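Trainee: Could we go through this model together? I would like to discuss the aromatic residues and then the helix packing.

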Amino acid sequence: FVLLFGIWLVITGFAASAWPVGALAAAAGAVLSRSLLPPRPAWPAPGARLRLLAGFVWGSIRGGFDVAARAFHPR
């Protein structure tokens, strides 16, 4: 709702006369979008999240070393 109403305000130039219509349109859009979205599955198991985090950290470290090696030893 807040995002939709914010977009409405930016489009109308923050005109006070457009706020009631914008609030109704944002509320209708929020309700409609919630009803049309398919149900989301639950978050993965804690072990899967931990493996994802560990892989991300390891990949970030490897990437950092790779960039540093390429920067200090250009070919």
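Trainee: Is Trp19 buried, partly exposed or exposed?

Mentor: This is a predicted model. In it, Trp19 has a relative accessible area of 41%, so the residue is partly exposed.

Trainee: How many aromatic pairs are there?

Mentor: The count is two aromatic pairs. One of them joins Phe1 and Phe5, with ring centres 5.9 Å apart and planes at 5°. The pair is stacked because planes under 30 degrees apart count that way.

Trainee: Which accessibility class does Phe5 fall into, and why?

Mentor: Phe5 counts as buried because its relative accessibility is 17%, and the cut-off for buried is under 20%. Phe1, at 46%, counts as partly exposed.

Trainee: What is the geometry of the pair between Phe5 and Trp19?

Mentor: Phe5 and Trp19 are edge-to-face, with 6.4 Å from centre to centre and 80° between the planes. The pair links distant parts of the chain, as Phe5 lies in helix 1 (residues 2-12) and Trp19 in helix 2 (residues 19-36), 14 residues apart.

Trainee: Turning to the helices, at what angle do helix 1 and helix 2 pack?

Mentor: The angle is about 145°, and the axes of helix 1 and helix 2 are 8 Å apart. The crossing is right-handed.

Trainee: Which residues of helix 1 make the contact?

Mentor: Helix 1 contributes Leu4, Phe5, Trp8 and Leu9. On helix 2, the contacting residues include Trp19, Val21, Gly22 and Gly29.

Trainee: What is the make-up of that contact by class?

Mentor: The contact of helix 1 with helix 2 has ten nonpolar residues, two polar and no charged ones.

Technical notes
Residues numbered from 1 in each chain as written. Predicted model: local features only at pLDDT ≥ 70, side-chain atom pairs only at ≥ 80, totals over all residues. Heavy atoms only, no water. Phe/Tyr/Trp six-rings, centres within 6.5 Å; stacked < 30°, edge-to-face > 60°. Buried < 20%, exposed > 50% of the residue type's maximum accessible area, 1.4 Å probe, protein only. Helix = DSSP H or I, 4+ residues; strand = E, 2+ residues; numbered from the N terminus. Axes fitted to C-alpha atoms, helices over the stretch in contact; angles between N-to-C directions. Left-handed = near helix turned anticlockwise from the far one by under 90°. Contact = heavy atoms within 4.5 Å. Nonpolar A, V, L, I, M, F, W, Y, C, P; charged D, E, K, R; others polar.
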